[in-house]
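Keep the viewer open as you read.

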Amino acid sequence: MTQGSYQVFVFQVPSQAQESFQGELYSMGCLGLVEKELENDQKEITAYFPAEPTLSDFVWSQTLKTKHLIQLQAKDFKSASFDPYPLTPGVKPLYQVVAPPDLEGPKQAGDYDIIIRPGMAFGTGRHESTQLASLQLLDFAQKHSVKNFLDVGSGSGILSLLAHRLGIKKISAVEIDPDARDNALENFDLNHVTHIQLKKDLKEVEETFDLVIANIIAPTLIQLKEQLINKVKTGGHLILSGIVQEEINKIKESFKVLKLIKEQSLKEWQSFLYQKS
Ligand SMILES: C[S@@+](CC[C@H](N)C(=O)[O-])C[C@H]1O[C@@H](n2cnc3c(N)ncnc32)[C@H](O)[C@@H]1O
């Protein structure tokens, strides 16, 4: 999906409700968020959706209860501006997500730019779980030589594209959602990357990898545990992201056959780096 009608919703919520509210918007298919500080400890949140979303009871109760829904408007997504967005916040080099040239992106992408067209896929780079996965990937690739890399639940393809930017030559990706696969293929094109193998199911992947990454919700990570571990070479590593604080112990318990090397958090999200012995 490239063009078409996108919905933009503008909310006003108390600052302390911002985190959970944004998490909920993302879980309903939000492609990106822009926040603005308001007076009286309030935040204005502009949320971009690919189509008319069904807003959850939580969002409605949150907004109605506090009567902070200031406006609900739909406009053409293309009229919104897409400023570069940090994918690896707080570290150098700073990799960033930029829009395609037809959506006000740079005419020539820089060495640390990843072009992502907002579409029907998770992975605009604005979500903490993607940033955490990116930070782990960047740190790992700076310290280790990675011959081959597998991105499970590739969404927009953002982590595969970062892996490419980091110099990893052999990249495979798996995504079950056909819209997300279309979006990823377009993003690979936009970034002039032709060699990433994109598959529909983890079962189609035969080889094992130096590094496997999966930024997927915790219940799915647990469900895919055996398959994920089987795809890691002996001595290889697995990065997991997409885990909220309450799920940390469940993940640790499920993946305890691996050696936990590093954990990192960003806001309420957590990621893990494991090694297979
Ligand atoms: C949270 S998004 C992550 C997207 C991107 N990798 C990122 O980091 O922003 C998770 C993705 O995993 C995909 N997914 C869920 N279950 C999967 C499975 N069993 N196999 C492959 N992909 C899966 C979803 O369709 C979704 O696109």
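Helices here are DSSP runs of H or I with at least four residues, strands are runs of E with at least two, and both are numbered from the N terminus. Bear in mind that this is a predicted model: local features need pLDDT of at least 70, side-chain atom pairs count only at pLDDT 80 or more, and totals for chains, interfaces and linings use all residues. Residue numbers start from 1 along each chain as its sequence is written.

The axes of helix 3 and helix 4 come within 10 Å and cross at roughly 25 degrees (axes are lines fitted to C-alpha atoms, for helices over the stretch in contact, with angles from 0 to 180 degrees between N-to-C directions). Helix 3 and helix 4 are therefore roughly parallel, a label for angles under 35 degrees. Thr130, Ala133, Ser134 and Leu137 of helix 3 meet Ile158, Leu159, Leu162 and Ala163 of helix 4, where contact means C-beta atoms, placed from the backbone, within 7 Å. This contact has 6 nonpolar, 2 polar and no charged residues.

An open sheet of 7 strands runs in the order 9-8-7-10-11-13-12, with mixed pairing; two strands pair if DSSP finds at least two bridges between them. Its edge strands, strand 9 (197–199) and strand 12 (259–266), each pair on one side only. From one strand to the next, the twist averages 15 degrees. Inside this sheet, strand 11 (residues 232–244) and strand 13 (residues 269–275) are antiparallel over 6 bridges, and Ile243 has Gln270 in strand 13 as its bridge partner.

Another open sheet has 3 strands in the order 4-5-6, also with mixed pairing. Strand 4 (85–86) and strand 6 (113–115) stand at its edges with a single partner strand each, so one side of each has no neighbour in the sheet. Strand 5 (residues 96–98) runs parallel to strand 6, joined by 3 bridges, and Val98 stands opposite Ile115 in strand 6.

Note on methods. Angles under 35 degrees count as roughly parallel, over 145 as roughly antiparallel, 65 to 115 as roughly perpendicular and the rest as oblique. Two residues are in contact if their C-beta atoms, placed from the backbone, lie within 7 Å. Ala, Val, Leu, Ile, Met, Phe, Trp, Tyr, Cys and Pro count as nonpolar, Asp, Glu, Lys and Arg as charged, and the others, Gly among them, as polar.
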